[in-house]
Amino acid sequence: MEKSFISFVERSIVNNWDLNALTDYNGVTLQYKDVARKIEKLHIIFEESGVKKGDKIALCGRNSAHWGVAFLATLTYGAVVVPVLHEFKADTVHNIVNHSDAKLLFVGDMVWENLNEAFMPNLEGIILMTDFNLLVSRSERLTHAREHLNEMFGKKFPKNFRKEHVAYGKDEPEELAMINYTSGTTSYSKGVMLPYRSLWSNTQFAYEVLNLKPGDKVVSMLPMAHMYGLAFEFLYEFCVGCQIFFLTRMPSPKIIFQAFNEVKPNIIISVPLILEKIIKKSVLPKLEKTSMKLLLKVPILNDKIKGKIKDGVISALGGRFYEVIVGGAAFNSEVEMFLKKVEFPFTVGYGMTECGPIISYEDWKNFRQGSCGKAAPRMEIKIDSPDPENIVGEILCKGENVMLGYYKNSEATAEVLEADGWLHTGDLGVMDREGNLFIKGRSKNMLLGASGQNIYPEEIEEQLNNMPYVSESIVIQKEEKLVALIYPDFEEAFRNNLSLKDVERIMEENRVELNKQIPAYSQIASVRIYHEEFEKTPKKSIKRYLYQ
């Protein structure tokens, strides 16, 4: 089997020439032939301005059709792509651009307003993503290439640009394809070097398990500067010949609902928070009514009602998808149990940027509740523990998806990547005999009890998050005592005419109730209320280090 990611892209463009490819939701649609033409034009700009194979090109903007074009143009040219999250603060963007040695920067108009080219002195040019016009040029060759682009394109393809003109260089498995700066919950971002084998293996994995066809549709709502959204809402779908709809604005639940109902996607890739919001706000309140609770206990009606609820959730999400894949952060067990009960087609996967991203997955029909699947194809998983089934240990993995290391940071690379290829994930878990992986928390987050007991704050938070009027929480340690930081669901509280004093009283009641359910060494000593949501990473994990 040819293990070339670029071949996937090339084949898809040629085979799906007249199909719709990239759509900005409520905006422009590019067909595969339009994408190919734009890629060709960007290749001319790269070549004429002196970009060489292996040079770095950074991308920073909201998801959009042109973001996708710039990404594919960079890879198919043989340059290294550096996606930068558009939500990063300006100084972080400046630092990443400088650290990555980027030669060019493609930038979205909203991002550009906050950036300052003087802080990125090594860039040769900055290109606006919306229309590929030059915002900054420090090179005569680049200025000339952009000004004479149409003329050069016409000269190169005098009788129209056709599918037989699509021919890209081949990639080597170990060749560097991209540098993805982690936006994990540690304060310092590292540049993960992903080779072409990782992109190929993740795309091949999706071919093996997801079954999409040319013309199928997907809504891209996760940031493409992040590997989860990039791999499974864009790269695989593009290689298959799907139409990808980009939610170019902030994807609020309202916009997501609207898009799902219009697009009716064939697969849904989500982070837990989005699904949880939909279930908690739209579905669970209806079940709280006494009549509904009673009906659920009647055996024959029970299945009917369960079917009705399941159909309701499915149709709210467009009604045409095979399954919902949840990943990126821990899933709320109450919501997961509810979805499992009504036989909703969902599964939970596990991965990290360092694996581009997939580590484990299982189809929803075989998915074991509470787990995050089994080792993905071409990946191995082991637990660093004397008894991997019962004693929590660090999760290690190895295989074709694993990174080359961290860019310009051999020390950090040596800390996580062993000489024989095993990657230390920093996550803790157990694995059953069938190979199902169960995550218990981040080793970095693990707290030590007064007598040396291991305390996993995520497990306490999960119970706390299911208590009345709790929206989200973090458990931290202060002078050997555990404190719960809570952001209450003020919206619901005020709707029920509760005052701030009432909310404080309920949070204290929650603390007392919670302590009855957990061991003495992990009891919560006090509660602190936050009036704003906790800051999050793109995967919607809370940035814990800000609150320690």
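Student: What's the strand order in the open sheet of 3 strands, and is the pairing parallel or antiparallel?

Tutor: In this model, which is predicted rather than determined by experiment, the order is S15-S16-S17, and the pairing is antiparallel. Strand S15 (350–351) and strand S17 (374–375) stand at the edges with a single partner strand each, so one side of each has no neighbour in the sheet.

Student: How many bridges are there between S16 and S17?

Tutor: Strand S16, which covers residues 358–361, pairs with S17 over 2 bridges in the antiparallel sense, and the bridge partner of Ser-360 in S17 is Ala-375.

Student: And what actually holds paired strands to each other?

Tutor: Strands of a sheet pair through backbone hydrogen bonds, and they can do so either parallel or antiparallel.

Student: OK, moving to S9: how many of its residues are buried?

Tutor: For strand S9 (residues 191–195) the count is 5 of the 5 residues, so the strand is largely enclosed by the rest of the structure. Gly-191, Met-193 and Pro-195 point one way from S9, while Val-192 and Leu-194 point the other way, and all are buried.

Student: Which strands does S9 pair with?

Tutor: One of its partners is S8, paired in the antiparallel sense over 5 bridges, with Tyr-181 standing opposite Gly-191 in S9. Another is strand S20 (residues 405–406), also antiparallel, over 2 bridges, and there the bridge partner of Val-192 is Tyr-406.

Student: What sits over the ring of Tyr-406?

Tutor: The charged end of Lys-190 does, at 5.2 Å from the centre of the ring. There is also Lys-382, which lies over the face of Trp-422 at 4.3 Å from the ring centre.

Student: Switching to helices, which residues of H4 are buried?

Tutor: In helix H4 (residues 90–99), the buried residues are Val-93, His-94, Ile-96 and Val-97. They are on the same side of H4, because they cover an arc of only 165° around the axis.

Student: Last one: where is His-424, and what does its side chain make a polar contact with?

Tutor: His-424 is in strand S21 (residues 423–431), and its side chain makes a polar contact with the side chain of Glu-418 at 2.6 Å. With a relative accessible area of 19%, His-424 is buried, since the cut-off for that word is under 20%. Leaving aside residues up to four places away in sequence, His-424 touches Glu-394, Ile-395, Leu-396, Val-416 and Glu-418.

Methods. Residues numbered from 1 in each chain as written. Predicted model: local features only at pLDDT ≥ 70, side-chain atom pairs only at ≥ 80, totals over all residues. Heavy atoms only, no water. Buried < 20%, exposed > 50% of the residue type's maximum accessible area, 1.4 Å probe, protein only. Helix = DSSP H or I, 4+ residues; strand = E, 2+ residues; numbered from the N terminus. Arc of directions from axis to C-beta. Lys NZ or Arg CZ within 6 Å of the ring centre and 35° of its normal. Polar contact = N/O pair within 3.5 Å; in protein donor to acceptor, adjacent residues only side chain to side chain. Contact = heavy atoms within 4.5 Å. Pairing = 2+ DSSP bridges.
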